[in-house]
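Hi,

Here is the structure for your files. Please open it first; my notes follow below.

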Amino acid sequence: MSVLIKNGRVVTAESDYLGDIYIENESIVAIGKDLPYKADKTINAKDKLVFPGGIDPHVHLDMPFMGTSSSDDYTSGTRAALFGGTTMVIDFILQTQGDTLKNALKAWQKRAKDKAIGDYSYHMAVTDFNPKVAKEVVSMIEKEGITSFKTFMAYKGALMIDDGQMMQLMKVVKENGGLVTVHATNGDMIDSLIAKNRKAGNMKPIYHYLSQPEVTEAEASARFTDMLDYTGCPGYIVHMTCEGALNAVRKSTMRNQKVFVETCTQYLTLDASLYKRDDGAKWVMSPPLREKKDQTSLWSGINQGLIQVIGTDHCPFTWEQKQMGKNDFSKIPNGHPAIEHRMELLFSEGVRKGKISLSKYVELTSTNAAKIFGMYPKKGTIAIGADADLVIFNPTKKQTLSKKSHHMNVDYSSYEGFKVTGKTETVLLRGQVAIEDNKCLLKPGYGQFVKRGKTSSYV
């Protein structure tokens, strides 16, 4: 199939121009003005923006957690992502402590097989590091194309590894061209505060937030940067939320260190006052929402080059699932629905309000993730030979976010009534029209696993 996109304003991380894009099969073949090609399908993108397909490097689809599973599977989750302009996601495989990475990979491959509509890849969460797992890490990088390894500094007894294991993992990953990512919160401090609040009878959702104060994230982020500095391993902090954690990374630059940082749309747009509401459980996630001053710091960190990526940490649970913690905040499944709204929210709150440029927007939503995680220039840009993953975006269309109109498999919206300007209208995935006229035209199974190359230490 061939597609010709005409008269669009084409925006990449490096450029911004009016032009046409000609696509054959899965790839971009030509870019220019008034291209002479005839195509099977022509799309007029006049007065529209054309971006590279979004890459969300932080999602949890069909993930077992806290006695239940996240409510979006690979079909509903990647479909919702496409509606929002995200053509590829990176999910997290969770190693079961005492088991192998290989078995964990098989379990997640089974979850995705014949179900994904959008493209996807994996991070491998290492929860039990030992000499056998060290050999598996090398195999994951060399044979499976999984080159990023998630670690947890919290969730003791389930996901957490200690600092000694962390450093040993870093050494192996560094030697083989990979990257270590981290959930950077001090699990021991958090567990102590949770126990203290439960003992005092403090069971409302607000105590989830109060059991994870800023210092727990700031301390862990600083400790992680120190271990990276000692081992020389490339590192990436996921879902950063607060000024203290950002300052830990800022301080690391004084020794000429580079640490990649991701934040999420919720930390840029929502704050901890929501936990005081009767339905505050909807926003229980880890790390929790923070204060207004932290939003200011994160936006500044983006423009200072300290934050390179915006993800979602999409991990939805229905309201019934959230009620597992009705009388005890520590039993509320952690996570919220966000995969569909990332591109539109960031455009409305960032570009439209003058906080970031259009090219910075593309960096944050697509290009930097492609570079860091070993997919560029196949993904993350608009260039000849790249995958034809494209978003045609109406920059002036207004909409109101609501559970009534979203496509995520969850019965509430974290952004109910949120007014945004800008809407994803047409999406192409590897040359096929995926979203058009508010319909998904692709079937489960079209999404492909993306085998990734060695990770980058710079963007």
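**Helix packing, a surface pair and the cores**

Helix α12 passes helix α13 in a right-handed crossing (the near helix is turned clockwise from the far one by less than a right angle; helices are DSSP runs of H or I, at least four residues, numbered from the N terminus). This is a predicted model: local features need pLDDT of at least 70, side-chain atom pairs count only at pLDDT 80 or more, and totals for chains, interfaces and linings use all residues. Residues are numbered from 1 along each chain as its sequence is written, and side-chain values use heavy atoms, without hydrogens and water.

α12 spans residues 342–351 and α13 residues 358–372. Their axes come within 11 Å and cross at roughly 150° (lines fitted to C-alpha atoms over the stretch in contact, angles from 0 to 180 degrees between N-to-C directions). On the α12 side, Phe-347 and Val-351 are among the residues that meet α13, where Tyr-361 is one of the partners (contact: heavy atoms within 4.5 Å).

Asp-163 sits in helix α4, residues 163–175. Its side chain makes a polar contact of 2.9 Å with that of Arg-223 (N or O atoms within 3.5 Å, one able to donate a hydrogen and the other to accept it; sequence neighbours count only if both atoms are side-chain atoms). Asp-163 and Arg-223 are 60 residues apart in sequence, and their C-alpha atoms are 9.1 Å apart.

The largest nonpolar core has 101 residues (buried Ala, Val, Leu, Ile, Met, Phe, Trp, Tyr and Cys joined through side-chain atoms within 4.5 Å; buried is under 20% relative accessible area, with a 1.4 Å probe and protein chains only). Val-137 and Tyr-361 are among those with the most contacts inside it. Another core, of 15 residues, lies apart from it and includes Val-3 and Leu-428.

Best wishes

Key: Helix = DSSP H or I, 4+ residues; strand = E, 2+ residues; numbered from the N terminus. Buried < 20%, exposed > 50% of the residue type's maximum accessible area, 1.4 Å probe, protein only.
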